[in-house]
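Please keep the sequence at hand as the text moves from sheet to helices.

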Amino acid sequence: MDVNSNNFIQALHNRDLEALRKVTKADLHNHFVLGGCRAFIKEKTGVDIIPYKGVMHSMEEMHKWNDQNLGDKFNNLEMRQLLIDATIVQAVNDGVKILEIGEDVWGLDAYFHGNIQKLIDSFKQSQKEYGKEVELRLQIGMSRHCSINSLEKWLEPFWDEKAFYSIDLYGVEHAQGIGNFKSIYRKAKSKGLKLKAHVGEWGTAEDVREAVDVLELDEVQHGIAAVESKEVMHYLRDNKIRLNITPTSNVILGRVKNHSLHPIKELYHSGIDVTINSDDVLIFDSDVSKEYLRLYENGVLSEHELDDIRLNGLKNLD
Ligand SMILES: [Zn+2]
């Protein structure tokens, strides 16, 4: 067993968050706007972002929290850059060595004056300044409620940029049928991008299977609803589809009753490739080290199983 595994297991035994933070890990499901270091944002802007306490009963409550805590304070290039910086700082503080983040396609015009190089450089600049040791996997992001025509138009400048690693789809899960995105995903595949989408957070096991099948996904963000169907779990396992899971987000959004009942246990034991990630650190108080500790303290997975998942996240998928 390597020294990192020893340290990780020891840190879990001691419930020592600071020691856990020193162990290498990946964060493959992180929305950078809400992924930043709270203390860094407060120091730079004076804005104190307070995590949500309790359980939300609708997405409206999440939007309300966003309005109260972020409002329009961060809606310009300078503040966008600050949120990227804050996310890199958060990753470094949390021992995250592989970080997958990216801008929403509409953000190119909204924040970067339509200049794709400026967008890419913003992320690279943050990495250079705050996290040279972090492997940054740059992602192209799309919101599911946007029209396909708009997405295709916004995607144009992204396609031939080699800096991008993956493409992801998020937002309201049932905003429109998954089949609508097929041509975009075919093109993304032809460009060599890793294919990801948020599915099976609010939807069903069948939604997960359909999205993987239709879009030819490599990875699913969430996908926890797969636990409702043995057949879908076998499908994910047999096709080596990775689920990038975010336990505290699932609890706060009322998708899972509490940490001790989190389906990651059954998904992992079914042989599915799973990873543990933060989703939105600022709202859910869910940094990656805390996620491991919460699953351990709630008896969901053993220290060795959690270490196996940690190492799995650090492996390349190719
Ligand atoms: Zn997410």
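## A helix across the sheet

Helix H16 lies across strand E1, strand E2, strand E7 (242–245) and strand E8, and runs at about 95° to E8. Contact here means heavy atoms within 4.5 Å. Axes are lines fitted to C-alpha atoms, for helices over the stretch in contact, and angles between N-to-C directions run from 0 to 180 degrees. The helices (H or I, at least four residues) and strands (E, at least two) are DSSP runs, numbered from the N terminus.

A word on the model itself: it is predicted, so local features need pLDDT of at least 70 and side-chain atom pairs count only at pLDDT 80 or more, while totals for chains, interfaces and linings use all residues. Residues are numbered from 1 along each chain as its sequence is written, and side-chain values use heavy atoms, with hydrogens and water left out.

## The sheet

The sheet is open, with 8 strands in the order E1-E2-E3-E4-E5-E6-E7-E8 and parallel pairing. At its edges are E1 (25–27) and E8 (273–276), each of which pairs on one side only. On average, neighbouring strands are turned by 25° against each other, direction ignored. Helix H5 (residues 77–93) also packs on this sheet, where H5 touches E2 (96–104) and E3 (135–143), and the direction of H5 makes about 160° with that of E2.

Three of the strand pairs are set out below; two strands pair if DSSP finds at least two bridges between them.

| Strand pair | Sense | Bridges |
|---|---|---|
| E1 and E2 | parallel | 3 bridges |
| E2 and E3 | parallel | 7 bridges |
| E5 (residues 194–199) and E6 (residues 219–222) | parallel | 4 bridges |

Asp27 stands opposite Leu99 in E2, and Ile101 stands opposite Leu138 in E3. Further along, Lys196 has Glu219 in E6 as its bridge partner. E2 is mostly covered, with 8 of its 9 residues buried; buried means under 20% relative accessible area, exposed over 50%, and partly exposed in between (1.4 Å probe, protein chains only).

## Where H1 meets H16

Now back to H16, this time with its helix partner. The axes of H1 (residues 3–13) and H16 (residues 303–314) come within 10 Å and cross at roughly 135°. H1 and H16 are therefore oblique to each other; angles under 35 degrees count as roughly parallel, over 145 as roughly antiparallel, 65 to 115 as roughly perpendicular and the rest as oblique. On the H1 side, Asn4, Ser5, Phe8, Ile9, Leu12 and His13 make the contact, and they meet Glu303, His304, Leu306, Asp307, Arg310 and Leu311 in H16. These contact residues divide into 5 nonpolar, 4 polar and 3 charged. For this count, Ala, Val, Leu, Ile, Met, Phe, Trp, Tyr, Cys and Pro are nonpolar, Asp, Glu, Lys and Arg are charged, and the others, Gly among them, are polar.

Tyr296 is buried, with a relative accessible area of 16%. Leaving aside residues up to four places away in sequence, Tyr296 touches Leu12, His13, Arg15, Leu301, Ser302, Glu303 and Leu306. The C-alpha atoms of Tyr296 and His13 are separated by 8.9 Å, although the two are 283 residues apart along the chain.

H15 as a whole is mostly covered, with 9 of its 10 residues buried, including Val288, Tyr292 and Leu295. Just after H15, Gly299 takes a positive phi of about 65°.
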